[in-house]
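Trainee: I would like to learn how to read the interface of a modelled complex. Could we work through an example?

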There are 2 protein chains.
Amino acid sequence: MDIHGRDLRYFAAVAEELNFTRAAGRLFVSQPALSKQIRMLENQLGAPLFHRDRRTVRLTAVGEALLPHARGMLASWQAAEAAVQQAREAEQHTLVIGMSTSPGRGLLPALRTRLVSQYPDARPVLRQVPWVDPSAGLADGSSDVAFVWLPLPDGDRYQYAVMAREPRLVALPRTHRLAARAAIDSEGAVDFTDLLDEPFLALPPEAGPLRDYWLALDAWGDRAPRIGGVVASAEETHEAVANGQGVALLAAGNAPLVVRDEVIAVPVRGISPSQLAVAARQGDKRPLVLAYLAAAAKVGAKAR
Amino acid sequence: MDIHGRDLRYFAAVAEELNFTRAAGRLFVSQPALSKQIRMLENQLGAPLFHRDRRTVRLTAVGEALLPHARGMLASWQAAEAAVQQAREAEQHTLVIGMSTSPGRGLLPALRTRLVSQYPDARPVLRQVPWVDPSAGLADGSSDVAFVWLPLPDGDRYQYAVMAREPRLVALPRTHRLAARAAIDSEGAVDFTDLLDEPFLALPPEAGPLRDYWLALDAWGDRAPRIGGVVASAEETHEAVANGQGVALLAAGNAPLVVRDEVIAVPVRGISPSQLAVAARQGDKRPLVLAYLAAAAKVGAKAR
DNA sequence: GGATGTCCATAACCCATGGCTATCACAACA
DNA sequence: TGTTGTGATAGCCATGGGTTATGGACATCC
């Protein structure tokens with residue numbers, strides 16, 4: 001039923017040499033091993049492949065029929081191996097860069113330039129990742145590196161280079177008292193203390209530290225936020241804010257996903273900024289990945 | 001280096017199912033066996049073929065590269081097996097008929113007709129065999145059946161059907177006294193007793209009973225032939241007779257090989273005739289062989 | 001004609017391979 | 001929270017594919 005490539009190699013060698021001993025030498029096996037294998041192949045096919053007269057070996061009709069196929073398959077396998085090798089190298093040189101929204105700021109071309117100057121064969125590939133995955137494809141391996149907003153769930157599973165820090169925003173209904181009032185200062189921002197009486201939209205409890213971060217829990221002192229609802233996506237957040245269930249903190253980069261129609265976003269002063277970072281999986285030591293992180297660190301340092 | 005067809009089958013199955021358990025079922029092996037084999041293939045190629053995320057299996061780039069080659073090779077092997085099968089059947093239906101000179105007498109068409117009427121698929125193939133092999137290819141397996149002159153060396157290794165009996169001839173120089181004289185009777189033959197004083201050409205001693213037969217030893221009574229020389233082929237016989245070293249007995253069918261220029265051949269009366277037979281190897285029970293022998297026996301009986 | 005060489009087959013042995021069953025780990029789901 | 005589905009792991013065993021040593025049948029050479 002199946003065939004082992006080795007048997008075809010052996011068969012072809014004997015067919016060429018028409019001499020078991022020489023063929024065995026060429027194949028770097030002992031002559032009995034070769035004899036045995038050929039015989040097993042003959043048994044498998046149900047017909048002898050060689051006439052072994054006393055002093056001479058020659059192909060039978062069946063052997064003649066098999067030989068071209070055998071040669072063809074050996075060549076095919078060589079081609080297959082080459083294709084695999086090529087794919088491996090392509091994979092080697094490909095760097096999949098995940099992102100949910102473009103990081104903008106000219107970051108991508110800058111990093112790309114640095115990467116290819118160091119690894120001319122590198123092929124950076126951009127990949128759009130649905131917003132539901134905050135790791136932008138790192139978690140499931142569909143990205144090698146990714147632009148992410150810190151903090152990240154399971155944050156210790158990744159290594160980072162921070163690219164930019166920018167104030168968190170608060171999403172409000174356009175009709176909200178804080179949206180129109182003098183609460184918005186000369187810089188177009190609101191104070192976090194002005195938000196303390198508002199109901200907040202929170203991520204589900206299983207989001208862990210991520211939930212705490214987007215409630216800015218460390219800025220509440222001894223007070224506790226009032227939770228106006230639980231949201232798990234940009235879409236839900238938009239809906240909940242528009243319906244007046246509460247306000248929500250946002251990374252600047254995610255604002256475009258939430259701000260539209262009746263929802264606006266305003267920078268918040270008095271809480272730590274959110275951070276845009278390039279991340280990779282912890283322990284991923286592939287040269288391209290490390291180079292991209294290093295490039296990100298350099299560019300990030302310069303930008304700050 | 002080499003590849004086992006089974007591994008390609010396994011790989012293709014998993015690539016189609018994208019599910020190890022189901023693929024294993026389809027292949028009639030256990031799931032662990034399949035997992036192990038795939039992993040070994042991956043090790044051999046130096047790259048994973050499948051992404052195994054928690055719940056899903058999908059091809060890697062390398063896997064994608066390999067898959068078409070794998071399918072191609074599986075198809076190639078099927079084709080090769082079919083070719084072998086076809087060759088086997090052709091061999092099955094082929095009957096190689098050895099002969100040193102054509103038996104003539106319309107025997108070949110007669111036997112052919114009988115054979116194909118019984119086995120319509122049979123393909124009788126005529127094969128000319130050099131005179132040095134009195135078994136006309138039976139001994140070395142290059143013929144399945146053969147037209148031979150009895151007796152044969154190692155005669156018990158063959159089975160026969162006698163087709164015709166005809167007087168043995170004696171080869172003489174054209175200038176020999178027996179050639180021109182009244183020794184040649186009304187039937188154009190000579191009496192063996194007229195030859196008793198001639199030197200005889202003999203086959204080499206290792207020819208055994210064959211040597212005795214062609215000296216007609218049983219017809220000498222208490223006399224013994226005088227050996228004029230030893231010959232091992234038709235060519236040598238021609239030379240020796242032409243040189244006057246002696247006379248030689250011949251089968252009628254072999255006369256054309258010896259008679260030319262200064263050598264003639266004359267039937268001999270008073271010794272047993274030589275026999276033309278169809279022979280096969282003793283113990284060869286292949287239907288086509290037996291059918292040909294049977295046909296020969298029928299035709300031979302009718303001819304006599 | 002006996003010694004020697006060539007060549008394929010056989011025998012006896014060894015260990016890596018490829019199969020099995022049982023079981024685990026983990027996510028999804030009811 | 002128990003159940004189900006899926007792939008990985010562990011431990012076991014038969015077989016396959018290799019080895020060396022040897023045999024037997026011819027050629028060839030001195």
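Predicted model: local features only at pLDDT ≥ 70, side-chain atom pairs only at ≥ 80, totals over all residues.

Trainee: How much area do chain B and chain A bury between them?

Mentor: The size of an interface is often expressed as the accessible area lost when the parts come together. Here chain B and chain A bury about 3,000 Å², 64% of it on carbon and sulfur atoms (accessible area lost, 1.4 Å probe, summed over both parts). In contact (heavy atoms within 4.5 Å) are 31 residues of chain B and 31 residues of chain A.

Trainee: How many salt bridges does the rule find across the interface of chain B and chain A?

Mentor: A salt bridge requires a side-chain nitrogen of Lys or Arg within 4 Å of a carboxyl oxygen of Asp or Glu. The rule finds two across this interface; B:Arg9 and A:Asp2 form a salt bridge at 2.4 Å, N to O.

Trainee: Is B:Gln37 buried or exposed?

Mentor: Buried means under 20% relative accessible area, exposed over 50%, and partly exposed in between (1.4 Å probe, protein chains only). B:Gln37 has 18% relative accessibility and therefore counts as buried. Beyond its neighbours within four places in sequence, B:Gln37 is in contact with B:Arg6, B:Asp7 and B:Tyr10.

Definitions and conventions
Residues numbered from 1 in each chain as written. Chains lettered and ligands numbered in written order. Heavy atoms only, no water. Buried area = accessible area lost by both parts, 1.4 Å probe.
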